[in-house]
Amino acid sequence: RLHCDMSDAVNILIDIGGVKETAKSAADAAGGAEMVAGIGLDVGAVWYIWRQDQRQALSSFLRARAASYRAPLPPSAVDDAHAIHDQTYFIHDSHLSELRAAGLAPWIIHQRLGDGIMVPAGCPHQVRNVRSCIKVAVDFVSPENVGQYLALCAEYRRLPEGHRAREDKLGVKLMLLHAAKAALKAKRGISFKEFYSMSGKM
């Protein structure tokens with residue numbers, strides 16, 4: 001379902017059920033004769049990814065059309081707080097024209113064997129496996145997206161008590177504190193004790 005990760009991530013497709021590494025060349029040679037809903041034989045998953053700056057507009061758009069976009073789950077106060085963080089909405093191909101008209105068209109990526117899909121922190125996204133797949137996900141933190149981590153922390157704090165996304169599992173502020181400590185120590189030779197003495201006065 002549609003969701004948003006707090007950290008950057010790379011998702012690598014390492015196996016597609018029943019499709020060997022030569023599937024791409026075989027499908028090309030056959031002229032793409034074997035297709036699943038218009039998707040080539042060598043495609044294992046289809047990704048929809050939105051920009052970071054579309055997150056709030058997309059959430060508002062979906063909440064206003066919950067009957068059409070929300071997955072058939074029992075509604076609850078906790079899981080009806082945010083269209084993206086709730087993870088209860090799913091975008092179908094039939095929704096794309098309406099999203100395009102609203103200026104909210106996603107990037108659509110067909111993932112093949114060996115492909116790595118990078119999803120920056122704060123980008124709403126969903127993935128649909130069109131065949132049985134095995135993926136390896138690598139989460140990481142990049143300095144370029146510190147602003148997104150902090151913005152997501154603020155969004156999570158506004159969610160209701162008990163919401164699945166409310167906890168800051170990444171520990172962004174603590175991570176920044178340790179990064180600053182390491183940088184100061186490397187630059188000025190400041191000790192661990194001295195750094196925390198300084199940070200307490202900030």
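**Close-up 1. Residues where helix α5 meets helix α6.** In this predicted model, Val146, Tyr149, Leu150, Cys153 and Arg157 of α5 meet Val172, Lys173 and Leu176 of α6. Sorted by type, the residues of this contact are six nonpolar, no polar and two charged. Helix α5 spans residues 146-157, and helix α6 spans residues 172-188. Their axes come within 10 Å and cross at roughly 150 degrees. Cysteine 153, one of the α5 residues in the contact, has a relative accessible area of 5% and is therefore buried.

**Close-up 2. Cysteine 123 and the cysteine sulfur nearest to it.** The count of disulfides comes to zero. Cysteine 123 is accordingly in no disulfide, and the nearest cysteine sulfur, that of cysteine 4, lies 7.2 Å away. A disulfide would need the two sulfur atoms to be within 2.5 Å. The relative accessibility of cysteine 123 is 4%, so this residue counts as buried.

**Close-up 3. Asparagine 129 in strand β7.** Strand β7 covers residues 125-129, and asparagine 129 belongs to this strand. Asparagine 129 counts as partly exposed because its relative accessibility is 41%, a value between the limits of 20% and 50%.

**Close-up 4. Contacts of asparagine 129.** Leaving aside residues up to four places away in sequence, asparagine 129 touches Gly44, Ala45 and Lys135. Alanine 45 is 84 residues from asparagine 129 along the chain, yet their C-alpha atoms are separated by 4.2 Å. With lysine 135, the link is between side chains: a polar contact of 2.5 Å joins that of asparagine 129 to that of lysine 135.

Key
Residues numbered from 1 in each chain as written. Predicted model: local features only at pLDDT ≥ 70, side-chain atom pairs only at ≥ 80, totals over all residues. Heavy atoms only, no water. Helix = DSSP H or I, 4+ residues; strand = E, 2+ residues; numbered from the N terminus. Buried < 20%, exposed > 50% of the residue type's maximum accessible area, 1.4 Å probe, protein only. Contact = heavy atoms within 4.5 Å. Polar contact = N/O pair within 3.5 Å; in protein donor to acceptor, adjacent residues only side chain to side chain. Axes fitted to C-alpha atoms, helices over the stretch in contact; angles between N-to-C directions. Nonpolar A, V, L, I, M, F, W, Y, C, P; charged D, E, K, R; others polar.
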